[in-house]
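Subject: Structure for you to look at

Hello,

Here is the structure I promised to pass on. Please open it alongside this email; my notes follow below.

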Number of protein chains: 2
Amino acid sequence: MLDMDISVIPPLAGVVAIIVAAYFAHFVLSKSAGNKRMKELMDSIHRGAMTFLNEEYKIISVFVVVVMALLLVVSHYTDMPWQTAVSFLVGAIFSGLAGNIGMRIATKSNARAAEGVKKSFGYGLRIAFSSGAVMGLSVVGLGVIGVYIFYQAFIDNASLSTILFGFGFGASSIALFARVGGGIYTKSADVGADIVGKVEAGIPEDDPRNPAVIADNVGDNVGDVAGMGADLFESYVDSIIASIALAILVGYSATAPETVYPLLIAAMGIFSSIIALSFVRSEKNAYTAMRNGLFGSAIIFAVLAFITTHYTMPNLDPFYAILVGLVDGIIIGLATEYFTSDQRLPVKKIAEASTTGAATELIQGLSIGMMSVFIPILATAVAMILAHNYYGVYGVALAAVGMLSTLGISLATDCYGPVADNAAGISEMAEMGEDIRKKTEDLDAVGNTTAAMGKGFAIGSAAITALALIFTFVKSVEKAGISVNISLIQPEVMAGLFIGAMLPFIFSALTMGAVGRAAEKMVDEVRRQFKELGILKGKGKPDHERCIKIATKGALREMILPVVIAVTTPLVVGILSIDALVGLLAGATASGFLLAIFLANAGAAWDNAKKYIESGNLGGKGSEAHKAAVVGDTVGDPCKDTSGPSLNILIKLMSIVSLVFLPLFIKFL
Amino acid sequence: MLDMDISVIPPLAGVVAIIVAAYFAHFVLSKSAGNKRMKELMDSIHRGAMTFLNEEYKIISVFVVVVMALLLVVSHYTDMPWQTAVSFLVGAIFSGLAGNIGMRIATKSNARAAEGVKKSFGYGLRIAFSSGAVMGLSVVGLGVIGVYIFYQAFIDNASLSTILFGFGFGASSIALFARVGGGIYTKSADVGADIVGKVEAGIPEDDPRNPAVIADNVGDNVGDVAGMGADLFESYVDSIIASIALAILVGYSATAPETVYPLLIAAMGIFSSIIALSFVRSEKNAYTAMRNGLFGSAIIFAVLAFITTHYTMPNLDPFYAILVGLVDGIIIGLATEYFTSDQRLPVKKIAEASTTGAATELIQGLSIGMMSVFIPILATAVAMILAHNYYGVYGVALAAVGMLSTLGISLATDCYGPVADNAAGISEMAEMGEDIRKKTEDLDAVGNTTAAMGKGFAIGSAAITALALIFTFVKSVEKAGISVNISLIQPEVMAGLFIGAMLPFIFSALTMGAVGRAAEKMVDEVRRQFKELGILKGKGKPDHERCIKIATKGALREMILPVVIAVTTPLVVGILSIDALVGLLAGATASGFLLAIFLANAGAAWDNAKKYIESGNLGGKGSEAHKAAVVGDTVGDPCKDTSGPSLNILIKLMSIVSLVFLPLFIKFL
């Protein structure tokens, strides 16, 4: 009886999320996008983003078809159910859908937010934040609905878990392309635009004469909206799937409260997020407004989760496991804020180091980036042990669900960033005047801090989700009656650990090198346009389209190799040795977590050190210190927006690939 | 009978090594050190280096006394034999002695090598290389003699292994101080000298007007001679100790051939090195000469090891394990050469990226540094599995012995670098003319490549030695009758892994930050001297002593915290949970290995990209590309000479601390 009642809640929550998202979308689209110039700029950005997305979808389609074929073949020869191919496809489609909706609205709201600021600061904030909310709620809504559909449809199937893993694998695949491709796109445009524009020609950021400036604005959307959304969609569904699978693996039936519980908790998170979205209002301080929303949703969620646990579970232990994850996420967010905010000591130290040149500034940034791993890693290690103490491996998966529960609002905060950034760009390019420019810049400044916090959160949640998936994998192997020897004294496990720990370095090397190469092409093109078209002398007009094409082509070409490595490595190692594969996953998760935080925080700290100087400190704009800080900022760009975030996907994807293809590995034993 | 015969060989080899070292020392010291100016410069460098060493010894003495007291207390309450305190002391003294001898000769041979070049290029090469040979042979000679003494003295003691670990711990402690302190010293001087001298004042490298130039030359010696020597002394004795201990742990008696075998193999390595030292002669190409020496020694060693194995062991399996290690070392050396030589694609790519500015140059360098981990990690993972297949965990320790066997000559090659560097500096400062300057620069250029290869080798040998120590630790725990559960599904092990993998990042953050801070002080002092003394206007003379004091003080103060972390972390974690400690050691070794190679190779590649441009490519000296490359070189300095190498010590030290204090951990169970 109870089972019947409660299992309605998750899909209901999902549908509510979609309806509220639609409401926010309507709210944004009903606003004026300003004058003709603003609309033109908005349309250019929107078109550029959609072009990239469509081109990307073509490549993804090929990938999806190949993988589906592979899954069908494998399911023919092994115990893998053929429905895995279907759930894979749906997972990919749902992830793509969420990203598409989010990006469509984001690229329609930048000019509207800038125009809204005319009315009042708080009105502009509402428009920008509402567009972020569309993304946040689409992701959680589609995530819960998707998992629920497959859970219900195959509740009697003995291979329910594998089918769910297929859904996660689909989500992972989209995320990989979106994060890697989007990351390369955004930074090749940004670095290219900065080097020739800011450094060589000495024109300001977002100057419309810079041919790469639209590509740069498009990049913010494809990287930080579509990429971030797909990344967190993956973490979100993976954490739910892992806990359902672990509940079954540790002995609960598919209909037991323990098995539905993760979905219920996700539903509570959705309700909390929706309520807290209304807290994000302020005429003065956008940062405080968002913090109110984030903390508010966490508190509401904790209460709802407590009540849910009390009425559905035998004791409160799972609630504690969830709480551990929630608190871990908050700690990671606050630690990230400390190491990357220009109000705090670390960034100020980097800024001071830039008075002795770019080299010392970079050394200081590297040092601070590496130091910043301390709190997130320690907190997550402790969280894992605590969650495990409460409810074993299932508890670890619940901690991941807890951390991601309020994703509806935290993702809204993340996606707000690029919209505000674009709004600032449009107000500059459309020459909306000093006052509006200043207000949109204030919106943007908050976006930088929330973006850094969002990145820390995305990494932390990826790490704990990957851990849950690894534990799920080991339990699945044991369940299949195969003896695993994953002791560290086993050389195969240690070798797997070494190679796994190596992969994030190789992956980062590839993505960073890709940005370098693509950026050099962009630099050449911008230099050519400046020279041949005489743009700076006021003669010709910049050819934005060409720059967009270069970024698109570069990103799509460069993303293939990293993707292939991420998918094939666990496959090959798993066929050779399941023990080594577990070592590989553990090594990759530990090293990927560390490297991702180091890269993301170093990059954000360099960015904000530059902003700190630009706001008038240590000589301000144009000083030698500022020039040094610009170098640091540019180096940090691919670190924080390409290589770092891509690692989130790498560690989750390799684990989910291992889970999906376990029947294949068993066949090769 | 056989046992009696063969056990004489190791101490004999050790004594021969010392005698040959004395011969080379005599050879070097008998040569002329040139004119008065050259002698003055040499004496300044020598005095500066010795001052640092003496100050460092004071701090180390305090540390040694504290640790000895701790060991005596622990031995009183646990099963640890009190002799461990003695072997610890002797290990520390032997390591210090080897470093002292090597550095004394190195700082007496720079001017002599420069003067020798007057006679002929090959003569200068012989002098510089001979001084390196003094270091190389002192290290292996004292290493083998030290281990042999304790092995023989306590051959009937049930705790023989623990006493030997004490010796390794002593060596580790000196290495930690020497590497961390020396690394901070050398780079704070170098970075400080470069920023104000090369970048701001536009005067050349080694310009005598630069007040920090002597400190920079001193730094080369304390970092790359004393630091490198102590590092490899530690790896060398640890690998021998680990294999002796593992032989006993897997069931052989203390007098069995298997137990003496590692010492015998080390002896063969000494003989091979001594023979091959004579190959290093050339009037034209110093690089080819050294490569002949390195490959020659490897071939001779392989033959001797084969014969030794054939006559002392039941089958050839241990020989294969040793060969695996030897080949792994060569592969790592060649891979390092590929990624850091200015004749190869990676460095050329970095140089090309500098034409679009410092930022792209740095991004490219980061990317290539990360990519360079691929071959060393893969080769070492494969080597570990192969060696284990031949002879179990004992085989892995033998692989480490094999890799380090020809240390006598490979360390000579490493220590040649700073001598040649100093010789070039002296020829510039003493204005010995274009021709001599050119020849000493040729000597120096080879030194850069061999130094990079030496670093790669030092890291690789540290990693495989650490692995051998970890396996020794696990076997020791099992032997003590304690059940270890080091499966990766155990959350404590996974948490240990996470925290262990984090430590190299924190350690690097501290050492890199230390260089940044110390360099800023140096920059301020050099700026002050330029301004107040009017050095550049030819008025006053630079105050070198002050800069030496700043570097010394900075290094000594900044090395304390990293050292404390390295020693106490395994102690605390081991007392809490032995399982977590194993995870910690494995995580630290994997992540430390990766980070060390990344940092070392990125640094060396940036260095050589700058040299590539300076040799006339892409605009040559003074071009915009050159300026960008100088930034990259400066950022790379602490990466390759401070943070990277310090990690070698971290991973070995934590393992040996765990082994020494195992009786304490058992007490707390």
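A salt bridge here is a side-chain nitrogen of Lys or Arg within 4 Å of a carboxyl oxygen of Asp or Glu. By that rule, the interface of chain B and chain A has zero salt bridges. Please keep in mind that this is a predicted model.

The interface

What do the two chains share, then? On the chain B side, 68 residues are in contact with 68 residues of chain A. Together the chains bury about 6,100 Å². Carbon and sulfur atoms account for 87% of that area. Three residues stand out: B:Ile489, B:Phe498 and B:Phe505. They supply 12% of the area that chain B buries against chain A, more than any other three residues.

Polar contacts do occur. Six residue pairs are in polar contact between chain B and chain A, with both residues at pLDDT 80 or more.

Several helices of chain B give two or more residues to the side that touches chain A. Among them are α6 (160-201), α13 (374-404), α15 (434-479) and α20 (624-660). The largest share comes from α16(B), with 21 residues. By residue type, the side of chain B that touches chain A divides into 51 nonpolar, 13 polar and four charged.

The symmetry

How are the two copies related? A rotation of 180 degrees superposes chain B on chain A, with 0.0 Å of shift along the axis and an RMSD of 0.0 Å. The two copies are therefore related as by a two-fold rotation axis. The same surface serves both copies, as 100% of the contact residues of chain B recur in chain A. Which residue of chain B comes closest to the rotation axis? That is B:Ser487, with its C-alpha at 2.0 Å.

Two backbone points to check

Most residues other than glycine have a negative phi. Two residues of chain A have a positive one.

- A:Glu431 has a phi near 50 degrees. This residue is in the loop between α14 (407-429) and α15 (434-479) of chain A. A:Glu431 counts as exposed because its relative accessibility is 68%, and the cut-off for exposed is over 50%.
- A:Leu618 also has a phi near 50 degrees. Its place is the loop between α19 (578-614) and α20 (624-660) of chain A. With a relative accessible area of 35%, A:Leu618 is partly exposed.

Best wishes

Notes:
Residues numbered from 1 in each chain as written. Chains lettered and ligands numbered in written order. Predicted model: local features only at pLDDT ≥ 70, side-chain atom pairs only at ≥ 80, totals over all residues. Heavy atoms only, no water. Contact = heavy atoms within 4.5 Å. Buried area = accessible area lost by both parts, 1.4 Å probe. Polar contact = N/O pair within 3.5 Å; in protein donor to acceptor, adjacent residues only side chain to side chain. Helix = DSSP H or I, 4+ residues; strand = E, 2+ residues; numbered from the N terminus. Nonpolar A, V, L, I, M, F, W, Y, C, P; charged D, E, K, R; others polar. Buried < 20%, exposed > 50% of the residue type's maximum accessible area, 1.4 Å probe, protein only. Least-squares fit on C-alpha atoms with pLDDT ≥ 70 in both.
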